[in-house]
Amino acid sequence: MVTGGQGPGKPDQETLDRDRARLPLTGSRRIVVLGCTRGAGQTVTALMTGHILAAARGVPVAALDLNPGATSLAARRSPTVSIAALLAGREPAVRAGAGSGASGSRLDVMADPAGAHLAGAEQAGTARAPEGTDYQRLADLLAARYSLTMIDPAAIGLTRLLSFADQLLLVAPASPDAATSLANTQQWLAAHGHGELAGRAVTVVNGVSKRTMEDVLRAEAVARGRSRAIVRVPWDDVLSARPGTPAALRSQTRLAYTALAGVLIAGLAAAEPRSSSAPVPGRNPGEHSD
């Protein structure tokens, strides 16, 4: 288990986590972020993790927004291209000031037109969703342009997205129903042929505090042994204000997302063929708490 926000006493941990987030990968990787229940923090996890990965690796990262609504990725960050335009062959636009630090370090959101997200939940739900082979085409188009793609999915098309995911993030809130929701999600994944992917998943528990610790421990008991790693993200009032980047977050929250980025890349790197037995720096990505 990775307890996000290490605090004082481990001044080098953030460096270790950033080093792990920079581990080389061959080809392109797709990371699906799946909330186990409404309000779990699926979108904010995709957004913040994408930003951290882009900054750490110094490359643009794609964020595919398939989950429209008032709290969507597109509502937090203006899309660089619409999904329809991307499918039609249009290149994502690189706007001045779009970077998140070093040259090329930016998060590019692909989503339906902004108007579809501003019209309210009912109307936003009528925006055209990808159909059939669109999902594979989107994955291929993004893989040709980006080494990493964060995917914020809707219920529609989820099984297709999971079929070509390289990594799954399961997101649960620090709430009384977290353990049940997480268990139900794992059962659904196994029943739909994604048990192996679920077993390699990283479980994120959002909103961790002293007050919610009993709920957190119950959720972690469900995840332990059924996922590759567990990452805790502490409660942060700033998240409710829908920040567009990690810059506004408390330092411990940023450390938690940095730890998550390191766990993700270390796991992906460990799955690649290696010419040597050199260890992955920092935490063991498969480590769980006892």
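I am working from a predicted model.

**Entry 1: helix α9**

I started with the length of α9, which runs over residues 178–191. At 1.5 Å a residue, its 14 residues should span 20 Å.

Next I asked which residues of α9 are buried. They are Ala178, Ala179, Ser181, Leu182, Thr185, Gln186 and Leu189. These residues cover an arc of only 165 degrees around the axis, so they sit on the same side of α9. I noted the general rule beside this. An α-helix has 3.6 residues a turn, so residues three or four places apart point the same way.

Then I turned to the face of α9 that points away from the buried side. I found the exposed residues Gln187 and Ala191 there.

What covers the buried residues of α9? I listed several elements that do. Among them are the strands β2 (29–35), β7 (167–173) and β8 (202–208). The helices α8 (158–163), α10 (195–199) and α11 (213–223) are also included.

One last note here concerns the backbone. Just after α9, Gly193 has a positive phi of about 85 degrees.

**Entry 2: Leu249**

I looked up where Leu249 lies. It is in the loop between β9 (229–234) and α12 (251–270). Is Leu249 buried or exposed? Its relative accessibility is 4%, and the cut-off for buried is under 20%. Leu249 therefore counts as buried.

I then checked its contacts, leaving aside neighbours within four places in sequence. Leu249 touches Met48, Asp236, Val238, Leu239, Pro243, Arg254 and Tyr257. I took one of these, Leu239, for a distance check. Leu239 and Leu249 are 10 residues apart in sequence, and their C-alpha atoms are 7.3 Å apart in space.

**Entry 3: α2 against α12**

I looked at how α2 (residues 42–57) packs on α12. The angle is about 75 degrees, and the axes are 9 Å apart. That makes α2 roughly perpendicular to α12.

I wrote down the residues that meet. From α2 they are Val44, Thr45, Met48, Thr49, Ile52, Leu53 and Arg57. From α12 they are Tyr257, Thr258, Leu260, Ala261, Leu264 and Ile265. Met48 and Tyr257 were already on my contact list for Leu249.

**Entry 4: salt bridges**

How many salt bridges does the structure hold? I found 10. I followed up some of them.

In α1 (residues 13–21), I looked at Arg18 and Glu14. Their closest N and O atoms are 3.6 Å apart. The two residues are 4 apart in the helix, so about one helical turn separates them. Arg18 is partly exposed, with a relative accessible area of 24%. Glu14 is partly exposed too, at 32%.

Asp17 and Arg20 also form a salt bridge, at 3.9 Å from N to O. Both lie in α1, 3 residues apart, about one turn of the helix.

In α11, I looked at Asp215 and Arg218. Their closest N and O atoms are 2.4 Å apart. They are 3 residues apart, so about one helical turn lies between them. Asp215 is buried at 13%, while Arg218 is partly exposed at 37%. I also noted that Glu214 joins Asp215 and Arg218 in a network of salt bridges.

Definitions and conventions:
Residues are numbered from 1 along each chain as its sequence is written. This is a predicted model: local features need pLDDT of at least 70, side-chain atom pairs count only at pLDDT 80 or more; totals for chains, interfaces and linings use all residues. Side-chain values use heavy atoms; hydrogens and water are left out. The expected span of a helix is 1.5 Å times one less than its number of residues. Buried means under 20% relative accessible area, exposed over 50%, partly exposed in between (1.4 Å probe, protein chains only). The arc is that of the directions from the helix axis to the C-beta atoms. Contact means heavy atoms within 4.5 Å. A salt bridge is a side-chain nitrogen of Lys or Arg within 4 Å of a carboxyl oxygen of Asp or Glu. Axes are lines fitted to C-alpha atoms, for helices over the stretch in contact, and angles run from 0 to 180 degrees between N-to-C directions. Angles under 35 degrees count as roughly parallel, over 145 as roughly antiparallel, 65 to 115 as roughly perpendicular and the rest as oblique.
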